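This report is meant for someone meeting the structure for the first time.

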Amino acid sequence: MHTRRLRHVASHIAVPAAAAAEAAAAPPAGAADDDAAAAATGGELRGTESDDAAAFQADGYLVCPGLLSGEHVAALTADFDDYMRQAGFSERHGTEDNFEESSTERLTQPTQSPVLGALPTYRPLVDRIAALMAANCRANPDALPTFSLHHQHALRAVPGDTGSDWHHDYEQYPQRDRDLLMCHAFVYPHGLKGEIGDLIVLPGSHKTVLGRDTIGSLFQQAELPGALSFGSGIPLPNGSVVIVNSALVHGRRAMPGGERSGPRYFSDISYCQHSRSRQLWPSYQMFHKPGGRDDTAAIGGHADFCKLHLAAGRGGENGELDYVFDASWFYSSDTEGSNGPEVAGDSPWRD
Ligand SMILES: O=C(O)CCC(=O)C(=O)O
Ligand SMILES: [Fe+2]
């Protein structure tokens, strides 16, 4: 069982995309060396860019072990803690501060954080996203290879975290198709070692149009046939990223332990594909200043955090990735409502 799972996962390990590597001005300086990544995954596998895309299309996820170097992880962790401190979370990573109802501390759109905020256009990551978007253009002639940032969250979970039930995050109201690709990059600076929370995924589930919480309302975080559990079942090394089709049913299963090894650091970054027919996506409402973590501290919407990314030069020296921060691909809450004309009201703030 275990071996079968490893083999299954082995076909989903990303290799640097040849086309993407050419497009990058510099080599992926932050990428961990291949030997370390191979060792961490049992030394199996290596594929091609099209293998990666085919595996992603079939099963809805792609594992990129060690995509962040040790130096990048150290800088990211320091920045994460610093930004959390600015946001008013305690040093003690616990339930003793005034955020007592949860042991998971969460930031929305840490745009102004120098290292965390740079992740959405971290070249080795965004190149892989671009390759998956390009592959979807072959499946859907309306799709374009470009895409824009939907949101970034940062979560620091501590022992006792209650996890997140099975769900998916494909933004569409009402849910009707999976024609355009929305994907999430799940970043685990300290890997997943089987403590605090496992990433659970249900391979292939992205092809079925489901309500976001349908499976979770029936099964919460239960074991499901065919599901994979990254962490306790399949450990991931430091600096790993798992890219999922946002429509893939997944969750965070609460796990015991972690008291000695520190918090579970995590950031998720999501991207929505552009299309020739200019389909708009639901926008992300809440953008917080570092000191704020609820609706009352929101200082703007989608266009505002995109502007800040651009002002920080996150689109690259020549603006080659400015399109990632083009907010015109999202409904504006000023006009038709952030979910689009079919739905009254704006997006709930949610996982
Ligand atoms: O914590 C995790 O590993 C996954 C959390 C999640 O479902 C999400 O951020 O969309
Ligand atoms: Fe999720």
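## Around the ligand

Among the 12 residues around ligand 1, those that come nearest are Ser 164, Leu 199, Arg 252, Phe 266 and Asp 268, where a residue is near a molecule if its C-beta atom, placed from the backbone, lies within 6 Å of it. The model is a predicted one, in which local features need pLDDT of at least 70 and side-chain atom pairs count only at pLDDT 80 or more, while totals for chains, interfaces and linings use all residues. Residues are numbered from 1 along each chain as its sequence is written, and chains are lettered from A and ligands numbered from 1 in the order in which they are written.

At least two residues of the shell around ligand 1 come from each of β5 (182–188), β6 (196–201), β9 (250–255) and β10 (264–275), and β9 gives the most, with 3 residues. Helices (H or I, at least four residues) and strands (E, at least two) are DSSP runs, numbered from the N terminus. By class, this shell holds 3 nonpolar, 5 polar and 4 charged residues; Ala, Val, Leu, Ile, Met, Phe, Trp, Tyr, Cys and Pro count as nonpolar, Asp, Glu, Lys and Arg as charged, and the others, Gly among them, as polar.

The chain has 8 helices and 12 strands, and 45% of its 351 residues count as buried. A residue is buried if 20 or more other C-beta atoms lie within 10 Å of its own, exposed if 12 or fewer, and partly exposed in between, with C-beta atoms placed from the backbone.

Leaving aside neighbours within four places in sequence, the contacts of Ile 243 include Tyr 61, Ile 129, Leu 132 and Cys 183, a contact being two C-beta atoms, placed from the backbone, that lie within 7 Å.

## Helix α6 and its partners

Helix α4 (residues 49–59) packs against α6 at an angle of about 70°, with the axes 10 Å apart; axes are lines fitted to C-alpha atoms, for helices over the stretch in contact, and angles run from 0 to 180 degrees between N-to-C directions. The two helices α4 and α6 are therefore roughly perpendicular to each other, a label that covers angles of 65 to 115 degrees. Glu 49, Ala 53, Phe 56 and Gln 57 in α4 meet Ala 131, Leu 132 and Ala 135 in α6, and the residues of this contact divide into 5 nonpolar, 1 polar and 1 charged.

Met 133 also has its place in helix α6, and it counts as buried, with 22 C-beta neighbours inside 10 Å. Not counting residues up to four places away in sequence, Met 133 touches Pro 145, Phe 147, Leu 181 and Gln 273.

## Backbone details in the loops

The peptide bond from Tyr 173 to Pro 174 is cis, with omega near -10°, and Pro 174 lies in the loop between β4 (164–167) and β5.

Gln 220, in the loop between α7 (214–219) and β7 (228–230), has a phi near 45°, a positive value in a residue other than glycine. Arg 278 likewise is not a glycine and has a positive phi of about 55°, and this residue lies in the loop between β10 and β11 (287–288). Gln 220 is partly exposed, with 13 other C-beta atoms within 10 Å, whereas Arg 278 is exposed, with 10.

Technical notes: Angles under 35 degrees count as roughly parallel, over 145 as roughly antiparallel, 65 to 115 as roughly perpendicular and the rest as oblique.
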